[in-house]
Amino acid sequence: MWRPPQKIKWKPAPGEWPSREQALASRLFSPLRAGPFELATRTWVPAMVPWRGTDDGFVTQDNVDWYARFAAGRPGAIVVEATGIRDVPSGRLLRIGHDRFVPGLRRIADAVRQASGGETKLFIQLIDFLSIRRRTEPEKFLGRHLAITDRHRRALGLADAPDAEVRRALLALPEERLAEVLDARELEALRMGARERVTDLDLPHVRALPEVLPDLFAGAARRAREAGFDGVELHYAHAYTMASFLSALNTRTDGYGGSRENRLRLPLEVFERVRAEVGGDYAVGCRFLSEDCIDGGSTLDDSTVFGVAFARAGMDFLSLSRGGKFEDAKQPAIGAAAYPYTGPSGYECMPAHVSDERGPFGRNVEPSARIRAAIREAGMATPIVVTGGVHGFAQAEELLASDRADVVGFARASLADPDWFVKVRSGHGNQVATCIYANYCEALDERHEEVTCQLWDRVDLDEPGIRKSKDGKRRLTPAAWTGPK
């Protein structure tokens, strides 16, 4: 993962922990009521992909245990990991693109309710993504995958040569000459692996996205309701399809790209179709970016317009993230695919303890606050979930007290200690295992291995009945908190 050149090392600074009385009187542990969006507390576990599903997208017992373990800490809400809306192979990512996935997802919903005593609301994040291929050896790419055209022949002075001869000539070129012969997309496919974009209007299935995605999202939302989820979070963030429609890099010429109005068109059409499918009494929100954090991408000014438009359309909540794009990702190893959290924009999404002068804590707070303020100025009270490097009670409480957030998300903080919420609320915050932002979890995610935390995955490995990673070296959930020590 990319690191800022300053390489300043930071340590967690959660601040003072409240007494039980202070916690119970706090904004953080107060309820929120906004139409169908209701929380017992303003605490939120954002979507994190733990890579525990089957290869064909079904829920496993490890998925159930994972979410039940978070629910035992009784946060206000948990968002189940990004779940694919298409009925297509997508590795060990969970899927919701067919009715056959509903029973497994219902197991997660039932487990969360039981583990939290019905206190924790459960949402599921619905995602669509385009094709991305692994980076192959140059010999394989140039010798087999590259589509040979007359442009290549002209560049090589081989006007009438068969494909095989052109391929041999390409393989013999030095890298700097090869960069002159291949176009930008071909060169990227060679160096990074081929990746589809929403602007590839020459591809029929990409051109048809505005026609097919509203129904796909709506069908997924219907299944989420049938499975017992309290609402859905439409994934409009990071490197994936809907975020790419919102991005300033979207130059589609069919009315779904270019201007802000056009880039908003499909995200709003998807929401309208989902709302029509599940009704007004079911919570529907989205997660989107405060900033793309890449050259030419959407800025905070764009995202402020988007936030106001989403609120005006009637979304029940808005959750803010930032960065995490393919455009500046690190070159993957041969045989691996590009990972959108390895470049500078990825760092903005998941900053580590080695940082710049701003540090890894709260980098998304001020951009999110500006979006919230614009929504309030427009006369709407849509709840805003702010995430990113919040790990202490005082930090979270100040965000709420200063009207910069309505709900506070704790991703890596809750991964480090799923009991963060019950410990702090009961006056035992000094027993919280505080995230050190080493991004051990992020490295596992990049390799699509079961995500765990280094603070607990080697603790009490001989505990009877625990489930372990495939190599048997890590426990898959932390030990249960047994109360004050």
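## Close-up views of a predicted model

A search of the whole structure, which is a predicted model, finds 47 salt bridges.

**Figure 1. Salt bridge between R225 and D281.** The side chains of R225 and D281 form a salt bridge, with an N to O distance of 3.1 Å. R225 belongs to helix α10 (residues 209–226), whereas D281 is placed in the loop between α12 (260–278) and β8 (283–289), so the pair ties together parts that are 56 residues apart in sequence. R225 is partly exposed, its relative accessible area being 32%. D281 has a relative accessibility of 55% and counts as exposed.

**Figure 2. Salt bridge between R252 and D254.** In this pair, the side chains of R252 and D254 meet at 2.6 Å, N to O. The two partners fall into separate accessibility classes: R252 is buried, with a relative accessible area of 3%, while D254 is partly exposed, at 33%.

Figure 3. The closest N and O atoms of R358 and E348 are 3.1 Å apart, and the two residues form a salt bridge. R358 is located in the loop between β10 (354–355) and α15 (365–377), and E348 in helix α14 (residues 344–349); the pair therefore ties together parts that are 10 residues apart in sequence. E348 is buried, with a relative accessible area of 11%. Elsewhere, salt bridges with shared partners join D99, D215, R222, R223, E226, R273 and E277 into one network.

Figure 4. The largest nonpolar core has 112 residues, of which L126, V232, L234, Y236 and F310 touch the most other members. Helix α12 gives the most to this core, contributing seven residues. A second, separate core comprises 15 residues, including F141, L146, L178 and L182.

**Figure 5. Strand β6 and its two parallel partners.** Six of the seven residues of β6 are buried, so this strand is largely enclosed by the rest of the structure. Strand β5 (residues 77–84) pairs with β6 in the parallel sense over six bridges. Within this pairing, T83 has L126 of β6 as its bridge partner. Together with helix α3 (residues 102–116), β5 and β6 make a right-handed β-α-β unit. Strand β7 (residues 231–236) also pairs with β6 in the parallel sense, over four bridges. Here I124 has V232 of β7 as its bridge partner.

**Figure 6. Surroundings of I132.** I132 is found in the loop between β6 (121–127) and α4 (138–145). I132 is partly exposed, with a relative accessible area of 30%. Not counting residues up to four places away in sequence, I132 touches A194, R195, F326 and A338. The C-alpha atoms of I132 and A115 are separated by 37 Å, the two residues being 17 apart along the chain.

**Figure 7. R475 and its polar contacts.** R475 lies in the segment after α19 (440–446). At 1% relative accessibility, R475 counts as buried. The side chain of R475 makes a polar contact of 3.1 Å with the side chain of E463. The R475 side chain also reaches the backbone oxygen of T477, at 2.6 Å. Apart from residues up to four places away in sequence, R475 touches T452, W456, D457, V459, D460, L461, E463, I466, R467 and K468.

**Figure 8. S303 in helix α13.** S303 is found in helix α13 (residues 300–313). The residue is buried, with a relative accessible area of 1% for S303. Residues touched by S303 are F288, L289, S290, E291 and I371, not counting those up to four places away in sequence.

Notes: Residues are numbered from 1 along each chain as its sequence is written. This is a predicted model: local features need pLDDT of at least 70, side-chain atom pairs count only at pLDDT 80 or more; totals for chains, interfaces and linings use all residues. Side-chain values use heavy atoms; hydrogens and water are left out. A salt bridge is a side-chain nitrogen of Lys or Arg within 4 Å of a carboxyl oxygen of Asp or Glu. Buried means under 20% relative accessible area, exposed over 50%, partly exposed in between (1.4 Å probe, protein chains only). A nonpolar core is a set of buried Ala, Val, Leu, Ile, Met, Phe, Trp, Tyr and Cys residues joined through side-chain atoms within 4.5 Å. Contact means heavy atoms within 4.5 Å. A polar contact is a pair of N or O atoms within 3.5 Å; within protein, one must be able to donate a hydrogen and the other to accept it, and residues adjacent in sequence count only if both atoms are side-chain atoms. Two strands pair if DSSP finds at least two bridges between them. A crossover is right-handed if, with the strands pointing away from the viewer, the path from the first strand over the helix to the second runs clockwise.
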